Amino acid sequence: KAQVQRLRYEAADFQFKYGYSIPVHVLAKRIADIAQVNTQSASMRPLATVCILIGVDDEKGPQVFKVDCAGHYLPFFGTASGSKEQEAVNFLERGGEEMREYD
């Protein structure tokens, strides 16, 4: 819940400052930077969450980013998270070529 609130805050702040919606890759980098700062200090406990951000950018088109609690963020064509992550990733790898054709 805390990470979602922070994502909303960052998106609203960007919209207020610059007058347009925040691009997905900028939001992913911003939340990854914040998550990485939490791992540097012993007094701050990192959030043990994985965040999947999906959006459509005017310039770059559809984008999917996965942000983990250590501050890594990576772009994907399709990804999964959770208890059945490996099964879902295997399914996406088998059908991934078909998804790229829609690009």
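**Labels and their grounds**

Modeller: Start with a salt bridge: the side chains of Asp33 and Lys29 meet, with 3.4 Å from N to O. This is a predicted model, so local features need pLDDT of at least 70 and side-chain atom pairs pLDDT 80 or more, whereas totals for chains, interfaces and linings use all residues. Residues are numbered from 1 along each chain as its sequence is written, and side-chain values use heavy atoms, without hydrogens or water.

Colleague: Why is the contact of Asp33 and Lys29 called a salt bridge?

Modeller: The term asks for a side-chain nitrogen of Lys or Arg within 4 Å of a carboxyl oxygen of Asp or Glu. Asp33 and Lys29 give 3.4 Å, so the pair qualifies.

Colleague: How far apart are Asp33 and Lys29 in helix α2?

Modeller: They are 4 residues apart, about one helical turn. An α-helix has 3.6 residues a turn, so residues three or four places apart point the same way. Helices here are DSSP runs of H or I with at least four residues, strands are runs of E with at least two, and both are numbered from the N terminus.

Colleague: Are Asp33 and Lys29 buried, exposed or partly exposed?

Modeller: Buried means under 20% relative accessible area, exposed over 50%, and partly exposed in between, with a 1.4 Å probe and protein chains only. Asp33 has 36%, so it is partly exposed. Lys29, at 40%, is partly exposed.

Colleague: How many salt bridges are there in the structure?

Modeller: There are 5. Among them, Arg6 and Glu10 come to 2.9 Å, N to O. Both lie in helix α1 (residues 2-18), 4 residues apart, or about one helical turn.

Colleague: What makes Arg6, Glu10 and Arg30 a network?

Modeller: Salt bridges link them. Glu10 meets Arg6, and Glu10 also meets Arg30, with the closest N and O atoms 3.1 Å apart. By accessibility, Glu10 is buried at 8%. Arg6 is partly exposed at 32%, and Arg30 is partly exposed at 36%.

Colleague: What puts the buried residues of α1 on the same side?

Modeller: The buried residues are Gln3, Leu7, Glu10 and Phe14. They cover an arc of only 65 degrees around the axis, so they share a side of α1. The arc is taken from the directions between the helix axis and the C-beta atoms. Arg8 and Phe16 are exposed, on the face turned away from that buried side. The cover over the buried residues of α1 includes α2 and β1, where contact means heavy atoms within 4.5 Å.

Colleague: How do you know that the span of α1 is close to the expected one?

Modeller: The expected span is 1.5 Å times one less than the number of residues. With 17 residues, α1 is expected to span 24 Å, and it reaches 24 Å from its first C-alpha to its last. Gly19 follows α1, with a positive phi near 85 degrees.

Colleague: What makes β1 and β2 a pair?

Modeller: Strands pair if DSSP finds at least two bridges between them. Strand β1 (residues 51-57) and β2 have 7 bridges and run antiparallel, so they pair. Asp57 stands opposite Gly61 in β2. A hairpin of 3 residues joins the two strands.

Colleague: And how do β2 and β3 pair?

Modeller: They are antiparallel, over 4 bridges, with β3 covering residues 73-76. Lys66 is opposite Leu74 in β3. Their hairpin has 5 residues between the strands, and Gly71 in it has a positive phi near 100 degrees.

Colleague: Why is β2 called mostly covered?

Modeller: In β2 (residues 61-67), 6 of its 7 residues are buried. Gln63 lies in this strand and has 11% relative accessible area, so it is buried. Beyond four places in sequence, its contacts include Val24, His25, Leu53 and Ile54.

Colleague: How many disulfides does the rule give?

Modeller: The rule asks for two cysteine sulfur atoms within 2.5 Å, and the count is 0. Cys51 is buried at 10%, while Cys69 is partly exposed at 32%.
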